[in-house]
Amino acid sequence: MGFPSVGEFTCDNQSPASDRQLSIEARLIKHLRTWREVRRLRSASDHKIDQEISSLLEWFICQCLPYGPSNVDGWWSDGVVYLEIHETAAESFQLLRVTWIGCLGLTPFEIDIELNPTDDQCFSKTVFRIGMLDERGIPRLSDCREKSVAKLLAMRPQRNQDWAMAVELTPR
């Protein structure tokens, strides 16, 4: 399966539709576990589940950004492009994406999630990384005409210190 081009996507302002009574984190846990089971049964991902995870991630990013440094003040996720989910261990996932930042530009992100097998409300641990830096260490966004999704993901930083924001979130 090839990557779509970035120009094929537009920003949205729609909130995730289902399970509104649960927190975004609890809904992500539910859908990641469903994704894992569907994948095991069919050896392929389910497009509807991928779409729901994508929608939830848009809002999850918005919740994470306030924990970051001042150089990402004013950023918010306004839509996501392409989903890549990797199950890295029995209760661990890595989510790779590209997100719109306020319809101003695109930037890659990675989220490493560890689920707690006995808790369906909170992640055990989350490492959230977003944004690329320019040569002066200032966060930069990519113009959607400038790069394909594959190129943006390939250009993403490989070390925590090279992301505009890299933070570990754990429950209290």
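Visitor: Into how many nonpolar, polar and charged residues does the lining of the second largest pocket divide?

Guide: Let's begin with the general idea. Rolling a probe the size of a water molecule over the atoms shows where empty space is left. In this predicted model, the lining of the second largest pocket consists of 8 nonpolar, 4 polar and 3 charged residues.

Visitor: How much space lies in that second largest pocket, and which residues lie nearest its centre?

Guide: The second largest pocket holds about 370 Å³ of space. Its lining has 15 residues, and those nearest the centre are Glu 25, Tyr 67, Leu 169, Thr 170 and Pro 171.

Visitor: Which element gives the most to the lining?

Guide: That is α2, with 3 residues.

Visitor: Now for single residues. Is Arg 129 buried or exposed?

Guide: Look at the relative accessible area, where buried means under 20%. Arg 129 has 10%, so Arg 129 is buried. You will find Arg 129 in strand β4.

Visitor: Which side chains make polar contacts with the side chain of Arg 129?

Guide: To read a polar contact, look for the two partners and the distance. The side chain of Arg 129 pairs with that of Asp 112 at 2.8 Å, and a polar contact of 2.6 Å joins it to the side chain of Asn 160. Leaving out residues up to four places away in sequence, Arg 129 also touches others, including Phe 109, Trp 163 and Met 165.

Visitor: Where is Ile 85, and is Ile 85 buried or exposed?

Guide: Ile 85 sits in strand β1, which covers residues 77-89. Its relative accessibility is 11%, and therefore Ile 85 counts as buried.

Visitor: What share of contacts joins residues at least 24 apart in sequence?

Guide: Counting contacts between residues at least 6 apart in sequence, 60% join residues at least 24 apart.

Note on methods: Residues are numbered from 1 along each chain as its sequence is written. This is a predicted model: local features need pLDDT of at least 70, side-chain atom pairs count only at pLDDT 80 or more; totals for chains, interfaces and linings use all residues. Side-chain values use heavy atoms; hydrogens and water are left out. On a 1 Å grid over the protein atoms alone, a cavity is a set of points where a 1.4 Å probe fits but cannot get out, and a pocket is an open set with protein on both sides within 12 Å along at least five of seven lines; lining residues have an atom within 4 Å of a point. Grid points are joined across faces, edges and corners, and a volume is the space filled by probe spheres set on the points. Helices (H or I, at least four residues) and strands (E, at least two) are DSSP runs, numbered from the N terminus. Ala, Val, Leu, Ile, Met, Phe, Trp, Tyr, Cys and Pro count as nonpolar, Asp, Glu, Lys and Arg as charged, and the others, Gly among them, as polar. Buried means under 20% relative accessible area, exposed over 50%, partly exposed in between (1.4 Å probe, protein chains only). A polar contact is a pair of N or O atoms within 3.5 Å; within protein, one must be able to donate a hydrogen and the other to accept it, and residues adjacent in sequence count only if both atoms are side-chain atoms. Contact means heavy atoms within 4.5 Å.
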